[in-house]
Amino acid sequence: MTKRKGALVQAGAIDWSSVFAASLAATCVVGADGRIRAANDAFARQIGVEVSSLADVPLDEVLAVDGGDASRGGVAFLRLGDGETRSVPYTQARLPDGGRVVTLTEVADEHCVICKVYSSREKFRTAIDDQSELICRFRPDLTITLVNRQFAALFGYSPRAMIDRNLRDLLPDTIVTTVLEFLGAATPAEPASAREELWPHGDGTERWISWRRYAVFDSTGRITAVQSVGRDTTQRHRAEKERVRLAAMVSRSPVVGLAWRTEGNFPIDYATENVGRLRIGRARLLEGRTGLLDIVHPDDASALALWVDSCPEGGTPLPLTVRLLDDDGGERWLSISAWRAGEGRMEAVLLDITEQRAASLALRERERRFKAIFDHTFEFIGLLTPEGRMIEANETALAFVETEEETVYGKYFWDTPWWRHSPADQERLKDGVARAARGEFVRFESSHRTPRGREIHVDFSLRPIRDEGGTVIFLVPEGRDITHLKQTEAALLAATREAEAANRSKTQFLAVMSHELRTPLNAVLGYSEVMQAGLFGVLESERYRGYVDAIHASGRHLLGIIDDILEISRIELGVVELSEDESVVPDLVGRAAQILANRAAEAGVALQVDVEPNLPALRCDARRVIQVLVNVGFNGIKFTRRGGFVRLVVSREEDGSLAFAVHDDGVGIAPENLDKVWEPFAQADNALVRGKGGVGLGLAITKAFVEAHGGTARLESEPGRGTTVTLRFPAERCLDSGPATREHVA
């Protein structure tokens with residue numbers, strides 16, 4: 001309703017559509033979807049089109065305005081029908097349905113102050129956005145008032161979206177602290193500062209920014225704003241970092257860079273930092289007077305000059321090896337690779353090869369020596385592939401078959417002249433190569449024949465050679481001429497057979513002679529016993545009785561020797577028969593002790609017997625066991641001084657075996673004679689021992705009888721401290737049939 005002269009007029013009587021169409025103000029109605037719902041003729045004339053053509057057209061296609069706050073206006077860019085654009089002031093109002101009413105103000109630019117202001121602002125905005133620097137203006141509370149596109153791009157925003165935001169929400173605490181420190185330190189006298197900082201970037205990376213900040217103060221000296229201008233120095237930082245890394249690489253590199261002019265003495269005008277590797281001071285090289293010809297060995301200077309003259313223009317590196325004189329006057333070998341770097345200037349990389357050259361020379365010398373040894377050794381040596389093809393053979397092997405290396409190179413080893421004469425050996429070699437290729441060491445004997453028909457016996461082997469990964473890469477065939485060894489072996493075999501035959505003859509002779517000697521000796525012993533007993537009358541002469549006793553004692557001694565000889569003869573002939581039965585160990589020891597007691601009493605030696613209790617019965621030939629105990633006991637008594645002792649100890653070992661140990665404190669045996677005493681007819685090389693009599697068969701017989709039972713005999717002795725003989729019978733001969741009682745005889 002409209003009020004007129006105090007009365008109300010009904011609004012419905014006004015034709016608003018006609019008013020809108022006839023209005024001189026260029027106006028359009030925009031829906032909530034941004035499309036033009038209606039436009040008047042004035043609006044269409046501004047654009048230069050018909051009103052009907054604007055229906056349902058997006059406003060953005062004809063006019064670029066801010067669709068934000070409805071109370072706002074400004075300068076919009078109007079797109080004319082002929083394709084041109086121009087800026088016009090505008091206002092806009094929000095409608096209840098979410099749409100807008102946009103009105104263009106038709107005022108000339110020179111008369112429109114608002115237009116001029118907005119135009120200046122847009123030009124200022126364009127100028128700021130076009131800057132490559134990062135521009136940001138903020139208040140002391142860090143609220144942003146102005147940014148350009150480059151600054152906003154750091155955080156992935158548009159410039160308008162960053163206005164009124166606080167830097168604390170965008171920057172890490174370290175950067176905020178830096179800004180606050182600047183605010184606290186800035187004064188009207190010193191309002192600016194410059195520093196380089198590491199800032200985050202919108203893509204998640206970090207970038208180096210060189211900032212210059214300027215604080216704006218009011219008349220009271222209070223900061224009202226801070227103007228910051230930054231430049232992205234990330235590329236410079238990266239380049240500097242790359243330069244440092246390259247410098248570090250160069251300093252560690254064995255390659256030295258050098259540049260010189262091709263005049264006079266070739267003055268050096270550049271050298272890399274690591275030139276000290278050549279043991280030459282960099283300062284001396286770059287002082288301007290030192291030339292390349294001054295530091296090269298005089299004998300190589302002319303070659304270097306010719307080499308520089310012949311260097312092509314195309315930049316292709318030309319290599320040369322020369323000697324260099326270092327600051328100490330020493331010689332260094334250098335490999336130089338140079339190229340022309342322009343008119344009268346050359347550049348090069350130098351590598352010190354002194355050590356490599358020395359190593360190469362040493363390697364060549366070692367190869368020469370190895371070749372000399374390889375070719376002139378008396379053995380046949382070669383090199384094969386894992387498949388068995390010939391790679392190399394030494395001169396000894398080639399000379400044997402009278403051929404050259406070229407004739408056998410690349411052939412299968414079994415098809416070469418060394419093996420063709422024997423198909424059987426060829427097949428054995430093929431199998432050996434296959435086994436060696438799998439990593440096995442192969443060895444066998446073979447025969448080979450020269451082209452002239454001479455045959456030799458060879459100890460042949462194939463050894464695989466592996467790489468670092470364990471794969472077989474070569475096979476080394478070796479052959480050693482063992483013909484003379486074979487001949488010697490045959491001669492030794494024949495001699496051994498003859499010696500064995502002679503030994504058997506000797507043993508048989510001793511057995512026969514021992515048997516034949518027992519018959520007359522038994523008569524001597526029998527008649528002497530009759531005469532001792534006086535069966536046919538008493539011998540009245542005391543001297544005769546003494547003679548008879550001597551005859552009887554000598555006869556018994558001789559009979560014992562004959563019995564031992566007969567026993568050892570049987571042993572050597574392999575005729576050792578055991579009559580085995582279950583025997584109680586204390587009984588065996590007791591019977592042996594009875595025999596030893598008289599001999600011990602006569603010698604003035606204490607005989608001690610110590611038998612461990614609860615010993616099992618022993619399956620053995622009781623007579624042989626007693627015999628060996630008596631043999632060992634007699635030896636102990638015989639070589640123990642009067643007042644000494646002989647102790648017989650019987651015990652069960654941890655492994656279940658039974659041990660008979662005879663200890664004495666006699667003269668002992670030297671270490672070099674410990675093995676000798678076990679041999680038949682052998683005695684320790686000692687005057688005292690030899691003076692005790694005997695033929696040296698007791699221990700040999702003892703050892704044979706113990707080993708016939710599956711046991712072992714061991715002797716330990718020390719000169720002057722005594723001897724211990726230990727006889728062990730295996731556990732399988734022990735029969736756990738009941739406890740035994742400890743016996744002790746002194």
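**Ground rules.** I am working with a predicted model, where local features need pLDDT of at least 70, side-chain atom pairs count only at pLDDT 80 or more, and totals for chains, interfaces and linings use all residues. Residues are numbered from 1 along each chain as its sequence is written, and side-chain values use heavy atoms, with hydrogens and water left out.

**Whole chain.** I looked up the secondary structure and found 20 helices and 32 strands. Both are DSSP runs numbered from the N terminus: helices are H or I with at least four residues, strands are E with at least two. Of the 746 residues, 37% are buried. Buried means under 20% relative accessible area, exposed over 50%, and partly exposed in between (1.4 Å probe, protein chains only). I then checked contacts (heavy atoms within 4.5 Å). Among those between residues at least 6 apart in sequence, 49% join residues at least 24 apart.

**H17 and H18.** H17 spans residues 585–603 and H18 spans residues 622–638. Their axes come within 9 Å and cross at roughly 25°. Axes are lines fitted to C-alpha atoms, for helices over the stretch in contact, and angles run from 0 to 180 degrees between N-to-C directions. H17 and H18 are therefore roughly parallel to each other; the cut-off is under 35 degrees. On the H17 side I noted Leu-588, Ile-595 and Ala-603, among others; the H18 residues they meet include Val-625, Leu-629 and Ile-637. By class, this contact has 13 nonpolar, one polar and two charged residues. Nonpolar covers Ala, Val, Leu, Ile, Met, Phe, Trp, Tyr, Cys and Pro; charged covers Asp, Glu, Lys and Arg; the others, Gly among them, are polar.

**H18 and H20.** H20 covers residues 698–708, and it packs with H18 at an angle of about 145°, axes 9 Å apart. This contact has five nonpolar, five polar and one charged residues.

**The core.** Which residues have the most contacts inside the largest nonpolar core? They are Leu-618, Phe-660 and Leu-727, in a core of 42 residues. Such a core is a set of buried Ala, Val, Leu, Ile, Met, Phe, Trp, Tyr and Cys residues joined through side-chain atoms within 4.5 Å. H18 gives the most to this core, with eight residues. Leaving aside neighbours within four places in sequence, Phe-660 touches Val-585, Leu-629 and Phe-729, among others.

**Val-611.** This residue lies in strand E25 (residues 606–611). Val-611 counts as buried because its relative accessibility is 1%.

How values were computed: Angles under 35 degrees count as roughly parallel, over 145 as roughly antiparallel, 65 to 115 as roughly perpendicular and the rest as oblique.
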